[in-house]
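Visitor: I am new to this structure. Please take me through one part of it closely.

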Amino acid sequence: MVILSLCFAATGQRKKKPADVEVVETRARRVEGKITLDGRVRFTGERPARGLVVVFDFLSPEHEVVTSQKTQVADGVVRAGQEASYQTVLVDPVRAVTYQVRASDGEDRELRVSNAGPYPIE
């Protein structure tokens, strides 16, 4: 009975899949009604992706998404270990105080992100 229960317990545990994208650094500043975002991401996925899009979810003080805005970081095929920088100016969502980062490939397939935030808006 004990051996059988251990076998069932071991099969019930799943390994968490590793992230496809790691946020290396990111920073957001408010400037004259706009938000300037600078940062770097590293693609860590096992399989190459066709294109890389970074999505910024801007959060209210209640941690609710006010708006989401995105920017294209890479057009071609990205492979493991490849880094991409972004510098973009977006419309300032007035109630936003923090933001978190998501990512997708060029075909709108959601990618897993590590170190996604939330980060403060300066």
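Which residues does Ser104 touch, not counting residues up to four places away in sequence?

Guide: A word first: this is a predicted model. Ser104 touches Gly51, Leu52, Val53, Arg109, Glu110 and Leu111, with residues up to four places away in sequence not counted. Now for its setting. Ser104 is found in strand β6. Its relative accessibility is 7%, so Ser104 counts as buried; the cut-off for buried is under 20%.

β6 covers residues 98-104. Five of its seven residues are buried, so β6 is largely enclosed by the rest of the structure.

What encloses it? Look at the strands that pair with it. Strands of a sheet pair through backbone hydrogen bonds, either parallel or antiparallel. Strand β3, residues 49-59, pairs with β6 in the antiparallel sense, over seven bridges. Within that pairing, Phe58 has Tyr99 in β6 as its bridge partner. Strand β7, residues 110-111, also pairs with β6 in the antiparallel sense, here over two bridges. There Ser104 stands opposite Glu110 in β7. Glu110 is also among the residues that Ser104 touches. Strand β9, residues 119-120, is another antiparallel partner of β6, with two bridges. In this case Thr98 has Pro120 in β9 as its bridge partner.

Now follow the chain on from Ser104. β6 and β7 form a hairpin with five residues between the strands. Asp108 is found in this loop. Its phi is positive, about 60°, although Asp108 is not a glycine. Asp108 has a relative accessible area of 59%, so this residue is exposed, whereas Ser104 is buried. The cut-off for exposed is over 50%.

His63 sits in the loop between β3 and β4. Phi of His63 is near 65°, again a positive value in a residue other than glycine. His63 has 60% relative accessibility, so it counts as exposed.

Go back to β6 and look at Tyr99. Tyr99 has a relative accessible area of 0%, so it is buried. Phe58, its bridge partner, is buried as well, also with a relative accessible area of 0%. A pair of aromatic rings is described by the distance of the centres and the angle of the planes. The structure holds four aromatic pairs. For Phe58 and Tyr99, the ring centres are 6.2 Å apart and the planes are at 40°, so the pair is tilted. Phe58 lies in strand β3 and Tyr99 in strand β6, so the pair ties together parts that are 41 residues apart in sequence. Both rings belong to one aromatic cluster, formed by Phe56, Phe58, Tyr86, Tyr99 and Tyr119.

Next, the core. In soluble globular proteins, nonpolar side chains tend to be buried together. The largest nonpolar core here has 25 residues. Leu37, Val41, Phe56, Phe58 and Tyr99 touch the most other members. β1 (21-31), β2 (34-43), β3, β4 (65-78), β5 (83-91) and β6 each supply at least two residues of this core. β3 gives the most, with five residues.

Take Val41 from that list. Leave aside its neighbours within four places in sequence. Val41 is then in contact with residues including Val21, Val23, Val24, Leu52, Val54, Val73, Ala84 and Tyr86.

Four strands form an open sheet in the order β5-β2-β1-β8, with mixed pairing. β5 and β8 stand at the edges with a single partner strand each, so one side of each is left without a neighbour in the sheet. β1 and β8 pair in the parallel sense over two bridges. Glu22 stands opposite Ser114 in β8.

Pro118 has its place in the loop between β8 (113-114) and β9. A cis peptide bond joins Gly117 and Pro118, with omega about 20°. β9 itself leads back to our strand, as it pairs with β6.

How values were computed. Residues numbered from 1 in each chain as written. Predicted model: local features only at pLDDT ≥ 70, side-chain atom pairs only at ≥ 80, totals over all residues. Heavy atoms only, no water. Buried < 20%, exposed > 50% of the residue type's maximum accessible area, 1.4 Å probe, protein only. Pairing = 2+ DSSP bridges. Core = buried A, V, L, I, M, F, W, Y, C linked by side-chain atoms within 4.5 Å. Contact = heavy atoms within 4.5 Å. Phe/Tyr/Trp six-rings, centres within 6.5 Å; stacked < 30°, edge-to-face > 60°.
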